[in-house]
Amino acid sequence: MGKLQRIKIVEILASDAFLSEQINVRGWVRTRRGNKHISFIALNDGSTIKNLQIVVDIATFGDDFLKPITTGACVSITGLLVASQGQGQTVELQALEIEIYGTADAETYPLQKKGHSLEFLREIAHLRPRTNTFSAVLRIRHAMAFAIHQYFNEKGFFYLHTPIITGSDAEGAGAMFQVTTLDLNDMPKTPEGKVNYDNDFFGKPTNLTVSGQLEGELGALALGNIYTFGPTFRAENSNTPRHLAEFWMIEPEAAFYDIHDNMDLAEDFLKSLIRYALDHCADDLDFLNSMWDNELIDRLKFVAENDFVRLSYTEGIDILVHSGEKFEFPVSWGVDLQSEHERYLVEKHFKKPVILTDYPKEIKAFYMKQNEDGKTVRAMDVLFPRIGEIIGGSQREENYDRLLDRINELNIPMKDLWWYLETRKFGTAPHAGFGLGFERLLLFVTGMGNIRDVIPFPRTPKNAEF
RNA sequence: UCUUCAGUAGCUCAGUCGGUUAGAGCACCUGACUGUUAAUCAGGGGGUCGUAGGUUCAAGUCCUACCUGAAGAGCCA
């Protein structure tokens with residue numbers, strides 16, 4: 001005994017292969033209860049939301065030995081797997097040998113058997129993965145990351161690693177975190193009194209990336225189809241349940257795709273991921289559905305099974321103008337859509353995901369392909385219920401002259417973008433792509449209400465404790 | 001960053017019109033119970049009322065500033 005290989009609880013519950021066998025399990029105690037003769041331990045090892053019930057005969061082990069086995073303690077237990085005599089579980093482990101790896105003093109261990117508020121759990125982010133909710137979210141997060149790689153791999157998209165430290169801020173996607181090795185208390189200055197970056201690590205100002213898209217386009221114009229999946233940083237002072245300063249983004253980019261191919265890809269991609277979650281994370285989704293959001297699974301199935309609505313910005317404005325709805329921000333052609341407008345279209349008018357296309361060029365980025373009308377660009381935003389914009393993308397402007405004109409119109413510093421422009425100078429091609437915020441996807445798939453609860457270590461203004 | 005709400009025991013909260021010793025449930029500790037399911041039952045300990053000022057005979061309660069958290073907005077993914 002004691003030399004048995006550890007079996008994960010998810011495997012034990014998956015079949016009856018271990019019934020009547022002597023096995024070893026290791027994990028963390030959720031609760032221990034019972035009377036002076038018998039003790040029941042609910043053990044969780046993180047492999048599944050489900051616990052394994054351990055039955056302990058107190059006479060065999062002694063009260064003093066069992067006393068430190070409290071909520072949060074880590075134990076290794078060897079025993080005999082038998083059909084359960086009690087209700088609530090099919091099998092249970094009759095303990096023959098118990099080793100305590102680590103105790104968790106009941107007076108100071110912050111996690112209790114009872115539920116905690118998500119706000120409190122954020123303050124103990126180092127321990128919250130041990131709760132049912134966060135272990136479920138983190139398993140789903142893993143499954144979605146895996147499904148994303150699998151989806152693109154099967155479609156022939158290559159995983160391209162774009163840089164995390166960049167020398168350009170040309171995309172203008174938001175405020176950036178500067179990266180420097182200069183001494184902030186003694187910055188070298190030029191004769192004009194500005195910071196002299198000549199002796200900084202890269203010899204020029206650098207920042208953490210806000211998007212891998214521009215580099216992704218370089219990859220697509222060589223490999224055909226690529227995607228990125230990596231960390232992204234925004235130094236915006238955003239305090240909302242939908243924003244993080246550090247988040248993960250997926251950005252596919254495909255040569256020879258127009259905006260319609262791009263929409264097809266985005267819709268199929270999202271539906272595939274949701275279907276993957278329904279097929280592979282059923283236990284965790286059931287838990288989240290019952291604990292936090294009892295419409296979650298219905299909503300996921302609905303999105304996976306129904307077509308997204310596709311309409312132009314102009315048509316969307318028309319619907320909003322004639323809606324009879326009183327909006328805080330008035331609607332007219334040319335204005336950027338506010339949250340309330342997007343929510344009206346998605347949640348009230350269509351009641352399903354919406355893809356809006358062909359926005360006015362003034363409210364979209366410089367690289368988007370201009371339409372023949374001279375007013376709009378081939379942009380596409382995928383709007384989801386509850387979370388708003390989950391995907392933003394476009395067909396890119398592949399014409400060198402038109403792209404350069406737009407860059408000059410917007411006064412974007414050219415010197416940072418010479419390499420990007422050369423893709424249009426040499427062997428340019430029509431292409432398109434989009435960006436998906438990974439945590440926004442997880443908000444939708446898990447039903448969690450706050451983006452800080454779908455990433456293990458959230459980075460938000462004034463918060464980088466863990 | 002703006003607006004609103006909140007901060008009282010380890011957690012979740014109550015605390016009336018400003019008035020005697022600040023309460024409850026859960027958690028924790030002690031005890032009871034021969035199969036429990038967030039076990040149950042009985043008892044016990046536990047408080048700088050976010051911080052700093054101010055008003056008042058008297059402040060958890062009213063005022064000011066600040067800190068922290070949340071929701072909505074902006075920005076966006």
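The side chains of Arg299 and Asp293 form a salt bridge, with N and O 2.4 Å apart. A salt bridge here is a side-chain nitrogen of Lys or Arg within 4 Å of a carboxyl oxygen of Asp or Glu. Arg299 and Asp293 are both buried. Buried stands for under 20% relative accessible area, exposed for over 50%, and partly exposed for values in between, using a 1.4 Å probe and protein chains only.

This is a predicted model, in which local features need pLDDT of at least 70 and side-chain atom pairs count only at pLDDT 80 or more, while totals for chains, interfaces and linings use all residues; side-chain values use heavy atoms, with hydrogens and water left out. Residues are numbered from 1 along each chain as its sequence is written, and chains are lettered from A and ligands numbered from 1 in the order in which they are written.

**Salt bridges**

The structure holds 24 salt bridges. Side chains of opposite charge can pair when their charged atoms come close.

| Pair | N to O distance | Burial |
|---|---|---|
| Arg299 and Asp293 | 2.4 Å | both buried |
| Lys369 and Glu397 | 4.0 Å | both buried |

Take the pair Lys369 and Glu397, whose side chains meet in a salt bridge. This pair links distant parts of the chain, 28 residues apart. Lys369 sits in the loop between strand E13 (354-360) and strand E14 (376-384). Glu397 sits in the loop between strand E15 (388-395) and helix H12 (400-409). Helices (H or I, at least four residues) and strands (E, at least two) are DSSP runs, numbered from the N terminus.

**Chain and domains**

Chain A has 14 helices and 16 strands. Its C-alpha atoms fill a box of roughly 85 × 60 × 45 Å along the principal axes. Of the 466 residues in chain A, 51% are buried. Contact means heavy atoms within 4.5 Å. Among contacts in chain A between residues at least 6 apart in sequence, 66% join residues at least 24 apart.

The domain assignment, automatic or from a database, gives domain 1 (9-102) and domain 2 (128-175 + 210-453). Their centres, taken over C-alpha atoms, are separated by 45 Å. Eight residues of domain 1 are in contact with nine residues of domain 2.

**Second largest pocket**

Where does the second largest pocket lie? It lies between domain 1 and domain 2, because both give residues to its lining. A pocket is an open set of points, on a 1 Å grid over the protein atoms alone, with protein on both sides within 12 Å along at least five of seven lines; a cavity is a set where a 1.4 Å probe fits but cannot get out, and lining residues have an atom within 4 Å of a point.

The second largest pocket holds about 730 Å³ of space. Volume is the space filled by probe spheres set on the grid points, which are joined across faces, edges and corners. The lining counts 33 residues. Arg30, Thr31, Asn51, Lys113 and Asn132 lie nearest the pocket centre. Elements giving two or more residues to this lining are strand E1 (22-34), strand E3 (52-57), helix H4 (118-123), helix H5 (132-155) and helix H8 (282-291). E1 gives the largest share, five residues.

By class, the pocket lining has 13 nonpolar, 14 polar and six charged residues. Ala, Val, Leu, Ile, Met, Phe, Trp, Tyr, Cys and Pro count as nonpolar, Asp, Glu, Lys and Arg as charged, and the others, Gly among them, as polar.

**Cavities**

The structure holds three cavities of 30 Å³ or more. The second largest cavity has about 50 Å³ of space. Its lining includes Arg122, Ala125, Phe457 and Phe466. That lining divides into five nonpolar, one polar and three charged residues.

**Positive phi**

Lys351 is not a glycine, yet has a positive phi of about 60°. Lys351 is in the loop between helix H11 (339-350) and E13. Lys351 is exposed, with a relative accessible area of 57%.

Asp358, also not a glycine, has a positive phi of about 55°. Asp358 is found in strand E13. Asp358 counts as partly exposed, because its relative accessibility is 22%.
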